[in-house]
Amino acid sequence: MRRLRIGILDLVTKGPTRALWARVMHPNMASIMPQVVGVWCEEEGHSVSFVCYTGFEDLMAELPRNIDLLFVSAFSQAAQTAYAISNLFRRRGTVTALGGPHARCYPEDAALYFDYVFGFTDKATLQSALDDCRPHRPVGVRLSAEHQPDTLPGMRQRWKFIEPTIAKAPAIQIVPMIGSLGCPYTCSFCIDSTVDYQPLGFAQITDDLKFLRTKLERPRVAWHDPNFGVRFNDYMDAIEAAGPPGCVDHIAESSLSILSEPHLKRMQRNGVKAILPGIESWYDLGNKSKTGAQRGMDKVRQVADHVNLIARYIPYIQTNFVLGLDVDQGAEPFELTKRFVDLAPVALPGYSLLSAFGRAAPLNLEYQRAGRVLPFPFHFLNNNSAMNVRPRNYDWRTFYDYVIDLTRYTFSWRVIGRRFAATRETIPKWMNVVRAVSSEGFGRVRHYTTVRRLLDTDSSIQAYFEGETNTLPGFFVDKIRRDLGPLWEFLPEGALSHNPLAYLESTAGGFVTMSGARAAAEPA
Ligand code: SF4
């Protein structure tokens, strides 16, 4: 067996930043799978160097040289960064591989720039690439297991990659943790809605937490489960078995349907400090928010009451919404969200513009069929820099007016003050202020306002938003050039654009499964 020198790059972000929120939180947002891949590669006898890029490192200096294989993990917003890095390394003779959400959502495009593109990745799938490890150009090999892995290496094994990453966090260190994959709910826009719910082993959770307590005085963990606590009692039993109540602080995304008062009491006892329920819409998705058929203002009142109940037990709450869903029409959904902000001042609303991430969700096929998906470069697909689905019930100007109005309202000093007063604990109070004045609050108002102005003044922007041209307006090209910095010169030709209909046009269903992987790796 050839002993490979392997580099692993976890792209938490797409380029250099100075944002305060990024400084505080990016090191806490590392992905778990790159660490898992690192463990599996070492288990196979290969040497691994690991870099988690948070936007503050000199990427060109930190990237390992003289490696045989480079793994990159990226969300779609970091795709252009990833493509440039892959090109740089391929020029140096390195074989490159891409995993993570972008690889799952846009495998056809990623295969143009990487030798291997991973869908669901278990150890056997990884092994097939390690054994093969050679260039596949001009089109890379797409590999996927038939489903998500049954188990993942625990904290004990991943610690060597976790420790240097969280050491970059200046104030608050948060360790990534996972107990399950997939979700039993079927929110049509969500990448996890089509992945079967699967716990990864409750004994592992206990062991992970026990181990962590030997490393950090009072650990904080962020659960990467798509929906934390689906098997609620099993989760709480596993946490309670790891030590005295509250010995670890927990942050998790969980649906309101899980957050009943008895559950909240047990979560409080066990140190759950932050929770991020998805509300998404005032007219739809009532099952996950436990509001059934309630709609409109009735749902607002019920959810606000529920959120205020949660606040009695859990100090930090972020409520997630999607703006521009097909059920939305006119000013009402935005006004309802403002009423929610009034009625539940403790919650920090997280707004996402409706986006279709390639083959992430079956709903995207409908958008593609209807010709509503715009070819915005991946760089802008972060739920707020651009919206790549034309809204069904709004023209762009009106839509942006509503979005700006809602964002301004949510991050006005009056509302920031009410949120500060309504939040009980010091760190959550100040986290909300930092988020409001940083890129997420004020920064988005600035960005949306700029886009809105350009919709009036720049005909190339108007035409692009209306789908009349695929020529990317200079405003967006300049932004990518600035964000990529020295990597811009390595961006391969054609890598700014992609086929937004690739999912619809694919006939083979995307990935080959393991049984077909070897055949697909051979030249035709
Ligand atoms: S509840 Fe959350 S994780 Fe589950 S399908 Fe809906 S959005 Fe996705």
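**Salt bridges and ring contacts**

At 41% relative accessibility, Arg 5 counts as partly exposed. That class lies between buried (under 20% relative accessible area) and exposed (over 50%), computed with a 1.4 Å probe on protein chains only. This is a predicted model, so local features need pLDDT of at least 70 and side-chain atom pairs pLDDT 80 or more, while totals for chains, interfaces and linings use all residues. Residues are numbered from 1 along each chain as its sequence is written, and side-chain values use heavy atoms, without hydrogens or water.

Start with the partner of Arg 5. Its side chain meets that of Asp 68 in a salt bridge, at 3.1 Å from N to O. The term covers a Lys or Arg side-chain nitrogen within 4 Å of an Asp or Glu carboxyl oxygen. Arg 5 sits in strand S1 (residues 5–11), and Asp 68 in the loop between helix H3 (59–62) and strand S3 (69–74), so the bridge ties together parts 63 residues apart in sequence. Helices (H or I, at least four residues) and strands (E, at least two) are DSSP runs numbered from the N terminus. Asp 68 counts as buried, because its relative accessibility is 15%.

Now move to Arg 90. Its side chain forms a salt bridge with Asp 115, at 3.7 Å from N to O. This pair also links distant parts of the chain. Arg 90 belongs to helix H4 (residues 79–91). Asp 115 lies in the loop between helix H6 (107–110) and strand S5 (116–118), 25 residues apart from Arg 90. Both ends are buried: Arg 90 at 13% relative accessibility, Asp 115 at 0%.

Helix H13 holds another kind of pair. Within this helix (residues 332–343), Lys 338 and Glu 335 are 3 residues apart, about one turn. They form a salt bridge, with the closest N and O atoms 3.2 Å apart. Lys 338 is buried at 8% relative accessibility. Glu 335, at 31%, is partly exposed. In total, the structure holds 30 salt bridges.

Charges also sit over rings here. Arg 92 lies over the face of Phe 89, 4.9 Å from the ring centre. Lys 429 takes such a place over Phe 420, at 4.5 Å from the ring centre. The rule asks for NZ of Lys or CZ of Arg within 6 Å of the ring centre and within 35 degrees of the ring normal.
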